[in-house]
Amino acid sequence: MAKPTTRYVCQACGASFPKWAGKCDACGEWNSLVEEAAPDSAPKGLGSARGRRIDFVGLHGSSEAPPRRMTGIAEFDRVCGGGLVPGSAILIGGDPGIGKSTLLLQAMARLSQDHRCAYVSGEEAVDQVRLRAQRLGCASAPVDLASATSVRDIVASLDDAKGPEVIVIDSIQTMYMDNLDSAPGTVAQVRASAQELIRVAKRRGVVLLLVGHVTKEGMIAGPRVLEHMVDTVLYFEGERGHQFRILRAVKNRFGPTDEIGVFEMGDSGLGEVANPSALFLAERRGDVSGAAVFAGMEGTRPVLVEVQALVAPSPLGTPRRAVVGWDSARLAMVLAVLEARCGVQIGANDVYLNVAGGLRITEPAADLAVAAALVSSLTGEPVPADAVVFGEIGLSGEVRAVGQSDTRLKEAAKLGFSSAIFPARRTGKKGSRGDNGLKTVELQQLGELMPLFQSQGSSGRPPSRRPHDDNDTRRWRDDEFI
């Protein structure tokens, strides 16, 4: 019986099968099996030949690490851990048109003043890249351009003493190995092309920047092993309706993870945002119910952002829960705790939650800010315009402490906030003014948040719904800050 000449490979996980199926048995993905040519022979064992003995060395070495290569774009260098490390491979993914090619072309233009830089595009012609460079104002930069898709040709250019020191591959899904029969963009081609490029880059000490496509779910297209092969994985986030762009590090072998760099898209390209908190709060309106300022941490940087909530009567039998910029499952948990532990009746209302500015929050410290925004919208009592809120909520209703509280409070004081609501600390006087001059309210249980949203002279639990009255003077209970 002749051996099969083709196989079916899952484009999500890389598993191979002898025949096609609608669902991959390895990862559960549907309609992901693509026909590819089978290898000529299966890999064999090592046999009886002996290998070369490896020389082991100690952890402490006398050689110094080579200096990082600075792009001159502070936000980009911050996300990379303080600059580009020679011999490293960086994978950058993001939605189409988000600005990946724009950012890398700007970085190459600045790096080319001190280093040999090359930009290889497999999707655009050289003239198209030149038009973008003219629009960005960097057409005179000494960057070498090329339009190529053959990995063999690119490796021959890299493996040279006069080759580039920094190279951009845009994108890895367009590259192909001529010794593989599969089409560019398949699992086999993406894995083999990236492996060959990374191997040469590490041997020559070249900084390799790979642009990766994303799937409709937002993940980098190709096998998951691609993210394990590189040293750094960056995601370029943002919404088309906002001019803000966020570069987030989800993996970094040479720096902190979850670090972000904030950019603003303009006519002349991407501009740096040195103080993202001020930018996210620039259009904030005070004395509005349903809004709370959350003091969060993105990597090593404190970021203040407004969390907006709207609780409205539902005309449908099943109320809606719409979330933008936060985890919908986390919102369901906060709503359940408010109803079960605090007696707040929200179940029959529609709930809309939004993180202003297009930022996506992932840390659980935003629980208390979300709860404050929800109760504020439900009662009509606004959160004070000069207060920041942060803290994690447990299922039993307790408010748990979060890390780097001092850094959050310091950033809030620097931006002009005068009060803060956060979890109770083990030491220190409750309600003290020692936190950078801020008036503080330290909570142990989520129920302690409810009195802050009662009108002057009212008592009991907040009502399920109170109509908005512009003539009603809503005041924050000052005795809570004593």
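Predicted model: local features only at pLDDT ≥ 70, side-chain atom pairs only at ≥ 80, totals over all residues.
Figure 1. Residues are called buried under 20% relative accessible area, exposed over 50%, and partly exposed in between (1.4 Å probe, protein chains only). Arg204 also falls in the partly exposed class, at 37% relative accessibility. The side chains of these two residues, Arg204 and Asp159, form a salt bridge with an N to O distance of 3.9 Å. The term denotes a side-chain nitrogen of Lys or Arg within 4 Å of a carboxyl oxygen of Asp or Glu. Distant parts of the chain are linked by this pair: Arg204 belongs to helix α5 (residues 187-204), while Asp159 sits in the loop between α4 (151-158) and β7 (166-170), 45 residues apart. Helices (H or I, at least four residues) and strands (E, at least two) are DSSP runs, numbered from the N terminus. Residues are numbered from 1 along each chain as its sequence is written, and side-chain values use heavy atoms, with hydrogens and water left out. Local features need pLDDT of at least 70 and side-chain atom pairs count only at pLDDT 80 or more, whereas totals for chains, interfaces and linings use all residues.

**Figure 2. The salt bridge between Glu237 and Arg248.** The side chains of Glu237 and Arg248 meet at 3.1 Å, N to O, in a salt bridge. Glu237 is part of strand β9 (residues 232-237) and Arg248 is part of strand β10 (residues 244-252), so the pair ties together parts that are 11 residues apart in sequence. Arg248 is buried, with a relative accessible area of 6%, whereas Glu237 is partly exposed, with 23%.

Figure 3. Arg330 is partly exposed at 23% relative accessibility, and Glu392 is partly exposed with a relative accessible area of 22%.

Figure 4. The secondary structure of the protein chain comprises 10 helices and 21 strands. Of its 482 residues, 47% count as buried. By the rule stated above, the count of salt bridges comes to 19.
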